[in-house]
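Please look through the sequence and the structure shown here before reading on. The briefing below goes from the chain as a whole to a few of its residues.

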Amino acid sequence: MATEHQDNDKIEPAPSLTKRGAARRRLAKAGMGAGVLATLESKSAMASMVCRSPSGSLSDGLSTSHYGPKAPACGGLSPGYWKQPQHAWPVSRDLKFTDVFYAASPGTACPVRAASYDEGKCYNPGSYFCAKLEDMLNPQPFDTNKVGMHLVAAYLNLEQKLIDFIDLNDLKTMWSELQTTGRYSPTAGVYWDNAQVANYLCSIHD
């Protein structure tokens, strides 16, 4: 049975993988090349690679000494954790997605939100513009590769100070570039598509 920190929205390693193998898989999912992975010998080095800003997740500056004497906060929690009502948020649950990230209006009125829903059902906003942050923690048909879901989890982890190797401007830039150009550039000459951005965001929480 899944724990409260786990859900089917994450990249889950096979049970037979060691911690080292799982770390390698997470890094591969985040777009790391085989040559980069081959240079990682210690479990601590792999952990530091996962706890990286987008540009830091690439081949430049792989050693843990990159951070100096203080290791980064790397305790991000999953969308499955944050969507559970018993877990307190660092911000209001009434915040809309557009209170944090830009989203274009669909040009029509947003669907009416019911006072309550039957078990297993939830509000279907139909677009990023109409969604609350909380809505995005459930899979949405319009949220390709669940990038919005993992973006919201990253935002909550940042606000809760569970991670500190990325800041809100990084998340906003990532989202803005992806929405306006269809890709995000973590560093000069490197471009991530929607799936790669989603995989990176997924790799930075449990």
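The model is a predicted one, and every value below was computed from it. The secondary structure of the protein chain comes to seven helices and two strands, and these elements follow one another along the sequence in the pattern α-α-α-α-α-α-β-β-α.

**The chain as a whole**

- The protein chain has 206 residues, of which 42% count as buried.
- The accessible surface of the protein chain comes to about 10,700 Å², and 52% of this surface belongs to carbon and sulfur atoms.
- When contacts in the protein chain between residues at least 6 apart in sequence are considered, 58% of them join residues at least 24 apart.

**Helices that pack together**

- The axes of α5 and α6 come within 10 Å and cross at roughly 165 degrees, and because angles over 145 degrees count as roughly antiparallel, α5 is described as roughly antiparallel to α6.
- The crossing of α5 and α6 is left-handed, and on the α5 side the contact is made by Val 147, Gly 148, Leu 151, Ala 154, Tyr 155 and Leu 158, while α6 contributes Leu 168, Leu 171, Trp 175 and Leu 178.
- Helix α6, which covers residues 168–181, also packs with helix α7, which covers residues 194–203, at an angle of about 160 degrees and with the two axes 11 Å apart.
- The helices α6 and α7 are therefore roughly antiparallel to each other as well, and α6 passes α7 in a left-handed crossing.
- In this second pairing, the contact is made by Leu 171, Met 174 and Leu 178 of α6 together with Asn 194, Val 197, Tyr 200 and Leu 201 of α7.

**A buried residue beside the helices**

- Phe 101 is found in the loop between α4 and α5, and because its relative accessibility is 2%, Phe 101 counts as buried.
- Which residues does Phe 101 contact, leaving aside its neighbours within four places in sequence? They are Leu 151, Tyr 155, Leu 168, Leu 171, Lys 172 and Trp 175.
- Phe 101 and Gly 148 are 47 residues apart in sequence, and their C-alpha atoms are 9.7 Å apart in space.

**Salt bridges**

- How many salt bridges does a search of the whole structure find? The search finds three.
- In one of them, the side chains of Arg 93 and Glu 134 meet, with a distance of 2.6 Å from N to O; Arg 93 and Glu 134 both lie in the loop between α4 (79–82) and α5 (147–159), and the pair links distant parts of the chain, 41 residues apart.
- Glu 134 has a relative accessible area of 27%, so this residue is partly exposed.
- Asp 94 forms a salt bridge with Lys 132, and the closest N and O atoms of the pair are 3.1 Å apart; Asp 94 and Lys 132 are again in the loop between α4 and α5, at positions 38 residues apart.
- Asp 94 is exposed, because its relative accessible area is 54%.
- Asp 135 forms a salt bridge with Arg 113, with the closest N and O atoms 2.8 Å apart, and since both residues lie in the loop between α4 and α5, the pair ties together parts that are 22 residues apart in sequence.
- Asp 135 is buried, with a relative accessible area of 8%, whereas Arg 113 counts as partly exposed at 34% relative accessibility.

**Positive phi angles**

- Most residues other than glycine have a negative phi.
- Lys 146 has a phi near 60 degrees, which is a positive value in a residue other than glycine; Lys 146 lies in the loop between α4 and α5 and counts as partly exposed at 27% relative accessibility.
- Lys 161 likewise has a positive phi, of about 65 degrees, although it is not a glycine; Lys 161 is found in the loop between α5 and α6 and, at 69% relative accessibility, counts as exposed.

Key:
Residues are numbered from 1 along each chain as its sequence is written. This is a predicted model: local features need pLDDT of at least 70, side-chain atom pairs count only at pLDDT 80 or more; totals for chains, interfaces and linings use all residues. Side-chain values use heavy atoms; hydrogens and water are left out. A salt bridge is a side-chain nitrogen of Lys or Arg within 4 Å of a carboxyl oxygen of Asp or Glu. Helices (H or I, at least four residues) and strands (E, at least two) are DSSP runs, numbered from the N terminus. Buried means under 20% relative accessible area, exposed over 50%, partly exposed in between (1.4 Å probe, protein chains only). Contact means heavy atoms within 4.5 Å. Accessible areas come from the Shrake-Rupley method with a 1.4 Å probe; for residues, only the protein chains shown count as cover. Axes are lines fitted to C-alpha atoms, for helices over the stretch in contact, and angles run from 0 to 180 degrees between N-to-C directions. Angles under 35 degrees count as roughly parallel, over 145 as roughly antiparallel, 65 to 115 as roughly perpendicular and the rest as oblique. A crossing is left-handed if the near helix is turned anticlockwise from the far one by less than a right angle, and right-handed if clockwise.
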